[in-house]
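Hello,

Here is the structure we talked about handing over. Please open it alongside this note; the findings follow below.

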Amino acid sequence: MEATGQDEKLSMEVPGLSNRTQAIKLPIFREVFVLAQTHRAVNLAGGTPDFPPPEEIKAAAMEAIAANYNQYDLGQGIRSLREGIAAKVNRTYGVSFDPDMEITITCGSTEAMTGSLLTVINPGDEVIIFEPAFPTYAAGIIISGGTPVPVKLNPPDFTIDVEKLAAAISPRTKAIFLNSPHNPTGRVFSAAEVRAVADLCLEHNLLVIVDEIYDHLVYDGLAPQNIWRLPGMKERSIIINGFSKTYSATGWRVGWVIAPAAITKGIKIIHNHMTLQAPTPLQMAAAKAVGLPASYYQELAATYQKRRDMLAAGLEEIGFECLNSQGGYFIVARFRKFGWQDDYAFARYLVEKIGVAAIPVSGFYTDPKQEDRLFMRFGFCKREETLQAALERLQKLKI
Ligand SMILES: Cc1ncc(COP(=O)(O)O)c(C=O)c1O
(Lines give C-alpha, C1' and ligand atoms only; values in the text may rest on other atoms or scores of the structure.)
Protein backbone atom coordinates (compact mmCIF):
# COMPACT_ATOMS: atom_id res chain seq x y z
CA MET A 1 0.00 0.00 0.00
CA GLU A 2 1.28 3.49 -0.87
CA ALA A 3 2.03 5.59 2.19
CA THR A 4 -0.05 8.78 2.42
CA GLY A 5 1.33 12.03 3.79
CA GLN A 6 -0.74 11.44 6.92
CA ASP A 7 0.81 7.99 7.45
CA GLU A 8 4.30 9.40 7.09
CA LYS A 9 3.58 12.13 9.64
CA LEU A 10 2.13 9.62 12.07
CA SER A 11 5.03 7.24 11.77
CA MET A 12 7.42 10.11 12.46
CA GLU A 13 5.51 11.11 15.58
CA VAL A 14 5.04 7.59 16.91
CA PRO A 15 8.00 5.34 16.36
CA GLY A 16 6.42 2.20 14.95
CA LEU A 17 7.27 -1.03 13.25
CA SER A 18 9.84 -1.18 10.49
CA ASN A 19 8.72 -2.11 7.00
CA ARG A 20 10.64 -5.37 7.28
CA THR A 21 8.81 -6.30 10.47
CA GLN A 22 5.49 -5.53 8.85
CA ALA A 23 6.42 -7.67 5.85
CA ILE A 24 6.80 -10.85 7.92
CA LYS A 25 4.74 -12.67 10.50
CA LEU A 26 5.14 -15.40 13.08
CA PRO A 27 5.24 -18.87 11.52
CA ILE A 28 2.11 -20.99 11.55
CA PHE A 29 3.65 -23.27 14.22
CA ARG A 30 3.06 -20.67 16.97
CA GLU A 31 -0.65 -20.39 16.21
CA VAL A 32 -1.19 -24.15 16.18
CA PHE A 33 0.94 -24.58 19.31
CA VAL A 34 -1.33 -22.22 21.26
CA LEU A 35 -4.48 -23.86 19.85
CA ALA A 36 -3.15 -27.31 20.77
CA GLN A 37 -2.45 -26.22 24.34
CA THR A 38 -5.87 -24.61 24.71
CA HIS A 39 -7.66 -27.76 23.54
CA ARG A 40 -5.25 -30.24 25.17
CA ALA A 41 -4.72 -31.85 21.78
CA VAL A 42 -2.21 -34.61 21.13
CA ASN A 43 0.47 -32.57 19.44
CA LEU A 44 1.83 -33.89 16.16
CA ALA A 45 2.23 -30.33 14.93
CA GLY A 46 5.67 -29.21 16.03
CA GLY A 47 9.09 -30.55 15.11
CA THR A 48 9.74 -31.11 18.79
CA PRO A 49 10.60 -34.55 20.16
CA ASP A 50 8.58 -35.52 23.26
CA PHE A 51 11.50 -37.52 24.63
CA PRO A 52 14.84 -36.38 26.10
CA PRO A 53 18.30 -36.07 24.51
CA PRO A 54 20.74 -38.97 25.20
CA GLU A 55 21.55 -39.20 28.93
CA GLU A 56 25.31 -38.69 28.47
CA ILE A 57 24.67 -35.48 26.59
CA LYS A 58 22.39 -34.13 29.30
CA ALA A 59 25.02 -35.10 31.89
CA ALA A 60 27.72 -33.30 29.88
CA ALA A 61 25.66 -30.07 29.97
CA MET A 62 25.15 -30.33 33.74
CA GLU A 63 28.83 -31.13 34.30
CA ALA A 64 29.87 -28.13 32.22
CA ILE A 65 27.78 -25.80 34.38
CA ALA A 66 29.07 -27.43 37.59
CA ALA A 67 32.67 -27.10 36.34
CA ASN A 68 32.07 -23.36 35.81
CA TYR A 69 32.00 -23.13 32.07
CA ASN A 70 29.51 -20.34 32.50
CA GLN A 71 31.25 -17.35 30.96
CA TYR A 72 31.88 -16.03 27.47
CA ASP A 73 34.12 -18.07 25.24
CA LEU A 74 35.10 -17.43 21.61
CA GLY A 75 32.24 -15.77 19.71
CA GLN A 76 32.83 -18.17 16.83
CA GLY A 77 32.15 -21.08 19.17
CA ILE A 78 34.35 -23.17 21.46
CA ARG A 79 37.24 -24.74 19.58
CA SER A 80 36.55 -28.35 20.68
CA LEU A 81 33.05 -28.14 19.18
CA ARG A 82 34.21 -26.67 15.87
CA GLU A 83 36.90 -29.35 15.70
CA GLY A 84 34.34 -32.02 16.58
CA ILE A 85 32.00 -30.86 13.80
CA ALA A 86 34.83 -30.83 11.24
CA ALA A 87 35.80 -34.36 12.33
CA LYS A 88 32.20 -35.63 12.16
CA VAL A 89 31.62 -34.17 8.71
CA ASN A 90 34.87 -35.75 7.58
CA ARG A 91 33.93 -39.16 9.07
CA THR A 92 30.44 -39.01 7.58
CA TYR A 93 31.07 -37.51 4.14
CA GLY A 94 34.87 -37.63 3.62
CA VAL A 95 35.13 -33.85 3.14
CA SER A 96 37.49 -31.61 5.17
CA PHE A 97 36.61 -28.17 6.51
CA ASP A 98 38.82 -25.86 8.53
CA PRO A 99 37.33 -25.42 12.03
CA ASP A 100 38.88 -21.94 12.40
CA MET A 101 38.31 -20.53 8.94
CA GLU A 102 35.05 -22.19 7.87
CA ILE A 103 32.87 -23.05 10.90
CA THR A 104 30.78 -20.81 13.17
CA ILE A 105 28.62 -22.01 16.06
CA THR A 106 25.29 -20.19 16.26
CA CYS A 107 22.15 -20.06 18.42
CA GLY A 108 20.38 -22.81 16.51
CA SER A 109 20.28 -23.25 12.76
CA THR A 110 17.68 -20.49 12.71
CA GLU A 111 20.33 -17.92 13.62
CA ALA A 112 22.72 -19.63 11.19
CA MET A 113 20.21 -19.02 8.37
CA THR A 114 19.28 -15.43 9.10
CA GLY A 115 22.87 -14.55 10.04
CA SER A 116 24.16 -16.03 6.78
CA LEU A 117 21.55 -14.13 4.78
CA LEU A 118 22.44 -10.87 6.57
CA THR A 119 26.06 -11.60 5.67
CA VAL A 120 25.59 -12.09 1.92
CA ILE A 121 22.35 -10.36 0.87
CA ASN A 122 22.10 -6.74 -0.29
CA PRO A 123 18.84 -4.84 -0.82
CA GLY A 124 17.45 -5.87 -4.18
CA ASP A 125 19.08 -9.30 -4.22
CA GLU A 126 16.77 -12.21 -4.94
CA VAL A 127 16.94 -15.59 -3.23
CA ILE A 128 15.06 -18.59 -4.63
CA ILE A 129 13.21 -20.85 -2.22
CA PHE A 130 11.41 -24.08 -3.06
CA GLU A 131 7.87 -24.01 -1.69
CA PRO A 132 6.49 -25.41 0.51
CA ALA A 133 9.39 -23.97 2.54
CA PHE A 134 10.36 -23.65 6.19
CA PRO A 135 8.98 -20.14 6.95
CA THR A 136 12.27 -18.73 8.27
CA TYR A 137 13.79 -18.77 4.77
CA ALA A 138 11.48 -16.11 3.34
CA ALA A 139 11.47 -14.15 6.61
CA GLY A 140 15.27 -14.20 6.81
CA ILE A 141 15.57 -13.01 3.22
CA ILE A 142 13.18 -10.11 3.88
CA ILE A 143 14.95 -9.20 7.15
CA SER A 144 18.18 -9.05 5.12
CA GLY A 145 16.65 -6.64 2.59
CA GLY A 146 16.35 -9.25 -0.16
CA THR A 147 13.38 -10.61 -2.06
CA PRO A 148 12.28 -14.23 -1.73
CA VAL A 149 11.44 -15.79 -5.10
CA PRO A 150 9.32 -18.89 -4.54
CA VAL A 151 9.48 -21.83 -6.94
CA LYS A 152 6.84 -24.44 -6.22
CA LEU A 153 7.76 -28.10 -5.93
CA ASN A 154 5.50 -30.23 -8.12
CA PRO A 155 2.80 -32.06 -6.12
CA PRO A 156 1.79 -34.72 -5.39
CA ASP A 157 5.43 -35.94 -5.14
CA PHE A 158 6.91 -32.47 -4.58
CA THR A 159 9.73 -32.88 -7.09
CA ILE A 160 11.95 -30.03 -8.28
CA ASP A 161 10.79 -28.62 -11.61
CA VAL A 162 14.10 -27.66 -13.22
CA GLU A 163 12.50 -25.56 -15.97
CA LYS A 164 10.53 -23.54 -13.43
CA LEU A 165 13.71 -23.09 -11.39
CA ALA A 166 15.72 -21.93 -14.41
CA ALA A 167 12.95 -19.49 -15.36
CA ALA A 168 12.99 -17.97 -11.85
CA ILE A 169 16.68 -17.01 -12.08
CA SER A 170 17.25 -13.33 -12.91
CA PRO A 171 20.32 -11.07 -13.00
CA ARG A 172 19.46 -10.16 -9.39
CA THR A 173 19.45 -13.77 -8.12
CA LYS A 174 22.13 -14.24 -5.47
CA ALA A 175 21.37 -17.64 -3.98
CA ILE A 176 19.14 -20.71 -3.92
CA PHE A 177 17.93 -22.29 -0.66
CA LEU A 178 17.98 -26.08 -0.65
CA ASN A 179 16.59 -28.17 2.24
CA SER A 180 16.99 -31.93 2.07
CA PRO A 181 15.61 -34.00 3.79
CA HIS A 182 12.83 -31.52 3.26
CA ASN A 183 10.42 -30.01 5.75
CA PRO A 184 7.46 -30.41 5.37
CA THR A 185 7.34 -33.00 2.56
CA GLY A 186 9.93 -35.53 3.77
CA ARG A 187 11.52 -35.51 0.32
CA VAL A 188 15.18 -36.43 0.00
CA PHE A 189 15.94 -34.81 -3.33
CA SER A 190 17.41 -37.23 -5.86
CA ALA A 191 20.93 -37.10 -7.27
CA ALA A 192 19.48 -35.80 -10.57
CA GLU A 193 17.49 -33.01 -8.88
CA VAL A 194 20.46 -31.90 -6.78
CA ARG A 195 22.75 -32.06 -9.82
CA ALA A 196 20.36 -29.83 -11.76
CA VAL A 197 20.32 -27.23 -8.97
CA ALA A 198 24.13 -27.33 -8.81
CA ASP A 199 24.43 -26.89 -12.59
CA LEU A 200 22.27 -23.76 -12.45
CA CYS A 201 24.31 -22.37 -9.51
CA LEU A 202 27.51 -22.89 -11.50
CA GLU A 203 26.06 -21.48 -14.71
CA HIS A 204 24.72 -18.32 -13.02
CA ASN A 205 27.41 -17.94 -10.33
CA LEU A 206 24.96 -18.38 -7.43
CA LEU A 207 25.44 -19.31 -3.81
CA VAL A 208 23.49 -22.25 -2.40
CA ILE A 209 22.26 -22.11 1.19
CA VAL A 210 21.84 -25.71 2.28
CA ASP A 211 19.66 -26.56 5.26
CA GLU A 212 20.70 -30.07 6.32
CA ILE A 213 19.20 -30.16 9.80
CA TYR A 214 17.71 -33.61 9.08
CA ASP A 215 20.81 -35.09 7.41
CA HIS A 216 21.01 -38.06 9.80
CA LEU A 217 17.31 -38.87 9.42
CA VAL A 218 17.16 -40.58 6.04
CA TYR A 219 15.14 -43.78 5.62
CA ASP A 220 14.84 -46.90 3.49
CA GLY A 221 18.58 -47.06 2.79
CA LEU A 222 18.53 -43.78 0.82
CA ALA A 223 21.62 -41.60 0.96
CA PRO A 224 21.40 -37.81 1.39
CA GLN A 225 22.61 -36.07 -1.74
CA ASN A 226 24.79 -33.24 -0.48
CA ILE A 227 24.98 -30.53 -3.13
CA TRP A 228 28.22 -29.20 -1.62
CA ARG A 229 30.00 -32.48 -2.43
CA LEU A 230 29.55 -31.94 -6.17
CA PRO A 231 32.52 -30.51 -8.12
CA GLY A 232 32.79 -26.73 -7.87
CA MET A 233 30.05 -26.45 -5.22
CA LYS A 234 31.96 -26.42 -1.90
CA GLU A 235 33.24 -22.93 -2.77
CA ARG A 236 29.69 -21.56 -3.13
CA SER A 237 27.86 -23.49 -0.37
CA ILE A 238 26.68 -22.18 2.99
CA ILE A 239 25.85 -25.33 4.94
CA ILE A 240 23.49 -25.03 7.88
CA ASN A 241 22.93 -27.63 10.55
CA GLY A 242 22.28 -27.95 14.27
CA PHE A 243 21.80 -30.04 17.37
CA SER A 244 18.03 -29.68 17.71
CA LYS A 245 16.94 -32.67 15.66
CA THR A 246 19.86 -35.11 15.61
CA TYR A 247 20.24 -34.98 19.39
CA SER A 248 16.61 -34.26 20.35
CA ALA A 249 17.58 -30.97 21.98
CA THR A 250 15.50 -28.31 20.26
CA GLY A 251 15.55 -26.02 23.30
CA TRP A 252 19.32 -25.86 23.53
CA ARG A 253 19.56 -23.49 20.60
CA VAL A 254 22.92 -24.65 19.30
CA GLY A 255 23.55 -24.81 15.57
CA TRP A 256 26.36 -24.23 13.14
CA VAL A 257 27.19 -22.91 9.71
CA ILE A 258 30.00 -24.07 7.45
CA ALA A 259 30.94 -21.63 4.70
CA PRO A 260 33.96 -20.61 2.61
CA ALA A 261 36.54 -18.61 4.61
CA ALA A 262 35.62 -15.20 3.13
CA ILE A 263 31.93 -15.70 3.96
CA THR A 264 32.70 -17.14 7.40
CA LYS A 265 34.64 -13.95 8.20
CA GLY A 266 31.43 -12.00 7.60
CA ILE A 267 29.18 -14.49 9.39
CA LYS A 268 31.40 -14.21 12.49
CA ILE A 269 30.93 -10.42 12.55
CA ILE A 270 27.14 -10.57 12.11
CA HIS A 271 26.86 -13.39 14.66
CA ASN A 272 28.93 -11.44 17.18
CA HIS A 273 26.63 -8.44 16.97
CA MET A 274 23.40 -10.46 17.00
CA THR A 275 23.94 -13.00 19.77
CA LEU A 276 27.65 -12.76 20.63
CA GLN A 277 27.85 -16.53 21.03
CA ALA A 278 25.87 -19.68 21.70
CA PRO A 279 25.65 -20.77 25.38
CA THR A 280 29.05 -22.04 26.55
CA PRO A 281 27.98 -25.06 28.67
CA LEU A 282 25.62 -26.29 25.97
CA GLN A 283 28.39 -26.02 23.42
CA MET A 284 30.50 -28.22 25.75
CA ALA A 285 27.72 -30.82 25.72
CA ALA A 286 27.32 -30.47 21.96
CA ALA A 287 31.05 -31.18 21.58
CA LYS A 288 30.41 -34.48 23.35
CA ALA A 289 27.36 -35.16 21.14
CA VAL A 290 29.24 -34.82 17.86
CA GLY A 291 31.66 -37.48 19.09
CA LEU A 292 28.93 -40.13 19.42
CA PRO A 293 29.67 -43.30 17.43
CA ALA A 294 28.09 -44.16 14.06
CA SER A 295 25.78 -46.62 15.85
CA TYR A 296 23.98 -43.68 17.53
CA TYR A 297 22.96 -42.21 14.17
CA GLN A 298 22.01 -45.62 12.76
CA GLU A 299 19.76 -46.39 15.74
CA LEU A 300 18.22 -42.92 15.60
CA ALA A 301 17.28 -43.30 11.92
CA ALA A 302 15.99 -46.86 12.49
CA THR A 303 13.80 -45.71 15.40
CA TYR A 304 12.36 -42.84 13.36
CA GLN A 305 11.76 -45.09 10.37
CA LYS A 306 9.69 -47.39 12.59
CA ARG A 307 7.67 -44.44 13.90
CA ARG A 308 7.19 -43.10 10.39
CA ASP A 309 5.85 -46.50 9.31
CA MET A 310 3.53 -46.67 12.30
CA LEU A 311 2.09 -43.20 11.69
CA ALA A 312 1.81 -43.65 7.91
CA ALA A 313 0.02 -46.99 8.26
CA GLY A 314 -2.38 -45.55 10.85
CA LEU A 315 -3.15 -42.43 8.78
CA GLU A 316 -3.71 -44.47 5.62
CA GLU A 317 -6.03 -46.84 7.46
CA ILE A 318 -8.11 -43.85 8.61
CA GLY A 319 -8.35 -42.49 5.06
CA PHE A 320 -5.47 -40.03 4.63
CA GLU A 321 -3.29 -40.33 1.52
CA CYS A 322 0.32 -40.10 2.69
CA LEU A 323 3.26 -38.94 0.64
CA ASN A 324 6.16 -41.34 1.22
CA SER A 325 8.40 -39.59 3.74
CA GLN A 326 12.01 -40.37 2.83
CA GLY A 327 13.63 -38.33 5.61
CA GLY A 328 13.19 -35.90 8.47
CA TYR A 329 10.38 -35.68 11.02
CA PHE A 330 7.21 -35.34 8.96
CA ILE A 331 4.54 -36.97 6.84
CA VAL A 332 2.47 -34.85 4.47
CA ALA A 333 -0.98 -36.28 3.83
CA ARG A 334 -4.01 -35.43 1.66
CA PHE A 335 -7.32 -35.34 3.48
CA ARG A 336 -9.84 -35.04 0.62
CA LYS A 337 -11.69 -38.19 1.75
CA PHE A 338 -13.03 -36.24 4.74
CA GLY A 339 -14.67 -33.61 2.55
CA TRP A 340 -12.49 -30.63 3.51
CA GLN A 341 -10.99 -28.25 0.94
CA ASP A 342 -9.09 -25.91 3.22
CA ASP A 343 -6.19 -27.08 5.34
CA TYR A 344 -6.50 -24.23 7.90
CA ALA A 345 -10.14 -25.02 8.51
CA PHE A 346 -9.36 -28.73 8.71
CA ALA A 347 -6.46 -28.13 11.12
CA ARG A 348 -8.76 -26.13 13.38
CA TYR A 349 -11.37 -28.88 13.24
CA LEU A 350 -8.73 -31.51 14.06
CA VAL A 351 -7.59 -29.62 17.15
CA GLU A 352 -11.01 -28.56 18.41
CA LYS A 353 -13.15 -31.60 17.63
CA ILE A 354 -10.75 -34.51 17.20
CA GLY A 355 -8.06 -33.48 19.69
CA VAL A 356 -5.03 -33.79 17.43
CA ALA A 357 -2.77 -30.94 16.31
CA ALA A 358 -1.16 -30.95 12.86
CA ILE A 359 0.15 -28.20 10.59
CA PRO A 360 -1.66 -26.95 7.47
CA VAL A 361 0.91 -27.10 4.65
CA SER A 362 -0.34 -23.84 3.10
CA GLY A 363 1.51 -22.15 6.01
CA PHE A 364 4.71 -23.04 4.14
CA TYR A 365 3.83 -20.87 1.11
CA THR A 366 4.34 -17.10 0.80
CA ASP A 367 1.17 -16.81 -1.31
CA PRO A 368 -0.81 -20.05 -1.04
CA LYS A 369 -3.33 -20.89 -3.76
CA GLN A 370 -6.26 -23.28 -3.46
CA GLU A 371 -4.13 -26.21 -4.72
CA ASP A 372 -1.67 -25.59 -1.84
CA ARG A 373 -4.40 -26.02 0.78
CA LEU A 374 -4.94 -29.74 0.40
CA PHE A 375 -2.24 -31.21 2.64
CA MET A 376 -1.61 -31.59 6.38
CA ARG A 377 1.77 -32.16 8.01
CA PHE A 378 1.99 -34.70 10.84
CA GLY A 379 5.18 -35.12 12.91
CA PHE A 380 6.46 -38.52 13.99
CA CYS A 381 9.22 -37.15 16.26
CA LYS A 382 7.17 -38.50 19.17
CA ARG A 383 7.03 -41.51 21.47
CA GLU A 384 5.09 -44.46 20.09
CA GLU A 385 2.42 -43.95 22.77
CA THR A 386 1.92 -40.36 21.59
CA LEU A 387 1.50 -41.52 17.99
CA GLN A 388 -0.89 -44.24 19.16
CA ALA A 389 -2.96 -41.75 21.17
CA ALA A 390 -3.18 -39.44 18.13
CA LEU A 391 -4.23 -42.27 15.84
CA GLU A 392 -6.90 -43.41 18.29
CA ARG A 393 -8.41 -39.91 18.32
CA LEU A 394 -8.17 -39.61 14.52
CA GLN A 395 -10.29 -42.78 14.24
CA LYS A 396 -13.24 -40.47 14.95
CA LEU A 397 -12.83 -39.10 11.41
CA LYS A 398 -14.06 -42.46 10.10
CA ILE A 399 -17.50 -42.15 11.67
C1 LIG B 1 14.01 -27.47 7.97
C2 LIG B 1 14.30 -26.83 9.29
N3 LIG B 1 15.33 -26.00 9.39
C4 LIG B 1 15.61 -25.41 10.56
C5 LIG B 1 14.87 -25.61 11.70
C6 LIG B 1 15.21 -24.88 12.97
O7 LIG B 1 16.18 -25.54 13.66
P8 LIG B 1 16.94 -24.94 14.94
O9 LIG B 1 16.26 -25.50 16.14
O10 LIG B 1 18.35 -25.46 14.80
O11 LIG B 1 16.91 -23.47 14.87
C12 LIG B 1 13.80 -26.50 11.64
C13 LIG B 1 12.96 -26.73 12.83
O14 LIG B 1 11.90 -27.28 12.81
C15 LIG B 1 13.51 -27.13 10.40
O16 LIG B 1 12.49 -27.98 10.28
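**Overall build**

The protein chain has 14 helices and 13 strands. Please keep in mind that this is a predicted model. The chain has 399 residues, and a compact globule of that length would have a radius of gyration near 21 Å. The protein chain has 21 Å, which agrees. Along its principal axes, the C-alpha trace spans about 60 × 60 × 50 Å. Of the 399 residues, 46% count as buried.

The domain assignment gives domain 1 (5–53 + 295–398) and domain 2 (69–292). Domain 1 is therefore written as two stretches of sequence, and domain 2 as one. Their centres, taken over C-alpha atoms, are separated by 23 Å. The contact takes 33 residues from domain 1 and 34 residues from domain 2.

Which elements give two or more residues to the side of domain 1 that touches domain 2? They are helix H12 (294–318) and strand S10 (330–334). H12 gives the most to that side, with seven residues. By residue type, this side of domain 1 divides into 22 nonpolar, eight polar and three charged.

**The nonpolar core**

In soluble globular proteins, nonpolar side chains tend to be buried together. Here the largest nonpolar core has 115 residues. Six of them touch the most other members: Val-208, Ile-331, Ala-357, Ala-358, Met-376 and Phe-378. Helix H11 (residues 280–289) gives the largest share of this core, six residues. Where does the core lie relative to the two domains? Domain 1 and domain 2 both give residues to this core, so it lies between them.

Leaving out residues up to four places away in sequence, Phe-378 touches Leu-44, Leu-311, Leu-315, Phe-330, Ile-331, Ala-333 and Ala-358. Two of these partners, Ile-331 and Ala-358, are also on the list of core members that touch the most others.

Ala-312 is another one to look at. Ala-312 lies in helix H12. Is Ala-312 buried or exposed? With 20 C-beta neighbours inside 10 Å, Ala-312 counts as buried; the cut-off for buried is 20 or more. Ala-312 touches Cys-322 and Ile-331, again not counting residues up to four places away in sequence.

**Around the ligand**

There are 13 residues around the ligand. Which of them come nearest? They are Gly-108, Ser-109, Thr-110, Gly-242 and Ser-244. Helix H6 (residues 108–120) gives the largest share of the shell, three residues. The shell divides into two nonpolar, ten polar and one charged.

Most residues other than glycine have a negative phi, and most peptide bonds are trans.

- The peptide bond from Glu-131 to Pro-132 is cis, with omega near 10 degrees. Pro-132 sits in the loop between strand S3 (126–131) and helix H7 (136–143).
- The peptide bond from Pro-155 to Pro-156 is also cis, with omega near 5 degrees. Pro-156 sits in the loop between strand S4 (147–152) and helix H8 (162–168).
- Asp-220 has a phi near 60 degrees, a positive value in a residue other than glycine. Asp-220 lies in the loop between strand S6 (207–211) and strand S7 (237–242). With 13 C-beta neighbours inside 10 Å, Asp-220 counts as partly exposed.
- Leu-276 has a positive phi of about 70 degrees, although Leu-276 is not a glycine. Leu-276 is found in the loop between helix H10 (261–274) and H11. Leu-276 is exposed, with 10 other C-beta atoms within 10 Å.

Best wishes

Technical notes
Residues are numbered from 1 along each chain as its sequence is written. This is a predicted model: local features need pLDDT of at least 70, side-chain atom pairs count only at pLDDT 80 or more; totals for chains, interfaces and linings use all residues. A residue is near a molecule or strand if its C-beta atom, placed from the backbone, lies within 6 Å of it. Helices (H or I, at least four residues) and strands (E, at least two) are DSSP runs, numbered from the N terminus. Ala, Val, Leu, Ile, Met, Phe, Trp, Tyr, Cys and Pro count as nonpolar, Asp, Glu, Lys and Arg as charged, and the others, Gly among them, as polar. A nonpolar core is a set of buried Ala, Val, Leu, Ile, Met, Phe, Trp, Tyr and Cys residues joined through C-beta atoms within 7 Å. A residue is buried if 20 or more other C-beta atoms lie within 10 Å of its own, exposed if 12 or fewer, and partly exposed in between; C-beta atoms are placed from the backbone. Two residues are in contact if their C-beta atoms, placed from the backbone, lie within 7 Å. The radius of gyration is taken over C-alpha atoms; the globule rule is 2.2 Å times the number of residues to the power 0.38.
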